Amino acid sequence: MAGLPMFKEILMQSVKKPVTNLFPALRLPKSITGFLGSVAEGKAAITPPVATPPAFRGKIVYDRTACNGCGLCLKVCPAHAIEQVVYPPVTVSVTDAEGNVSAKVKKEKRVRIYVANCIFCGQCTDICSRNALSMSSEFLLATEDRFAESQIVE
Ligand code: SF4
Ligand code: SF4
């Protein structure tokens with residue numbers, strides 16, 4: 001009677017609620033675009049996604065002010081999702097210990113991250129000694145334009 005436990009399991013599974021998160025809609029809409037249009041008009045509601053865990057690897061966050069342009073993140077990125085950006089030199093005033101002011105030409109190096117290329121491995125956040133890179137819990141990143149504003153972090 002090996003089939004009896006299996007039959008019992010099939011019966012139980014057929015009446016149980018699905019354990020998967022029915023995101024973004026309880027039933028597959030005929031058209032996602034149409035569904036999103038109905039959501040915008042308030043005629044339909046999005047089923048929220050499950051909460052992300054604390055160490056979730058979502059869209060990269062970049063703190064430009066903490067970055068010193070060292071370039072280490074570029075070297076470790078396996079997806080070549082990061083490029084260095086060199087801004088035109090600017091002249092800044094520097095004051096030494098005696099209070100003498102002099103002009104210094106400063107070239108600012110920073111980075112730009114292409115989210116569409118990122119594989120969310122976390123290598124760049126691990127290597128950055130300035131904590132200029134971190135990973136957010138944002139994961140709804142799909143778009144038709146890989147160079148859309150939302151896909152470039154700088
Ligand atoms: S983000 Fe960090 S590792 Fe990358 S260039 Fe800036 S300081 Fe260096
Ligand atoms: S998370 Fe990985 S793939 Fe994404 S930018 Fe950082 S190193 Fe590159």
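How many helices and strands make up the secondary structure of the chain? The secondary structure comes to four helices and seven strands, where helices (H or I, at least four residues) and strands (E, at least two) are DSSP runs numbered from the N terminus. Along the sequence these elements follow the pattern α-α-β-α-β-β-β-β-α-β-β. The chain is more spread out than a compact globule, because its radius of gyration is 25 Å, well over the 15 Å that the globule rule gives for 154 residues. The radius of gyration is taken over C-alpha atoms, and the globule rule is 2.2 Å times the number of residues to the power 0.38.

This is a predicted model, in which local features need pLDDT of at least 70 and side-chain atom pairs count only at pLDDT 80 or more, whereas totals for chains, interfaces and linings use all residues. Residues are numbered from 1 along each chain as its sequence is written, chains are lettered from A and ligands numbered from 1 in the order in which they are written, and side-chain values use heavy atoms, with hydrogens and water left out.

Taken along the principal axes, the box filled by the C-alpha atoms of the chain is roughly 90 × 45 × 25 Å. The chain is divided into domain 1 (19–50) and domain 2 (51–84 + 111–154); domain bounds come from an automatic or database domain assignment. The centres of the two domains, taken over C-alpha atoms, are separated by 28 Å. Of the 154 residues, 23% count as buried, where buried means under 20% relative accessible area, exposed over 50%, and partly exposed in between (1.4 Å probe, protein chains only). Among contacts (heavy atoms within 4.5 Å) between residues at least 6 apart in sequence, 65% join residues at least 24 apart.

Two ligand shells were examined. A residue is near a molecule if one of its heavy atoms lies within 4 Å of it. Around ligand 1 are Cys67, Asn68, Gly69, Cys70, Gly71, Cys73, Val111, Cys128, Arg130, Ala132 and Leu133. This shell divides into seven nonpolar, three polar and one charged residue. In this classification Ala, Val, Leu, Ile, Met, Phe, Trp, Tyr, Cys and Pro count as nonpolar, Asp, Glu, Lys and Arg as charged, and the others, Gly among them, as polar. The shell around ligand 2 holds 13 residues, of which Cys77, Cys118, Cys121, Gly122 and Cys124 come nearest. By class, the ligand 2 shell has eleven nonpolar, two polar and no charged residues.

Cys73, one of the residues around ligand 1, is located in helix 3 (residues 72–76). Cys73 is buried, at a relative accessible area of 8%. Apart from neighbours within four places in sequence, the contacts of Cys73 are Ile82, Val111, Cys124, Ile127 and Leu133. Val111 and Leu133 also belong to the residues around ligand 1, and Cys124 is among those that come nearest to ligand 2. The C-alpha atoms of Cys73 and Cys124 are 4.6 Å apart, although 51 residues separate the two along the chain.

Several loop residues were also considered. A cis peptide bond, with omega about 5°, joins Phe23 and Pro24. Pro24 lies in the loop between helix 1 (3–15) and helix 2 (32–40). A positive phi, near 60°, occurs at Phe120, a residue other than glycine. Phe120 is in the loop between strand 5 (109–114) and helix 4 (123–127), and counts as partly exposed at 26% relative accessibility. Asn131 likewise has a positive phi, near 55°. Asn131 is placed in the loop between helix 4 and strand 6 (133–135) and counts as exposed, with 63% relative accessibility.

Lys107, in the loop between strand 4 (101–106) and strand 5, is exposed at a relative accessible area of 56%. Leaving aside neighbours within four places in sequence, Lys107 is in contact with Val86, Tyr87 and Pro89. Between the C-alpha atoms of Lys107 and Gly42, 65 residues apart along the chain, the separation is 50 Å. Phe147 occupies the loop between strand 6 and strand 7 (152–153) and is exposed, with 54% relative accessibility. Residues up to four places away in sequence not counted, Phe147 touches Tyr114 and Ile152.
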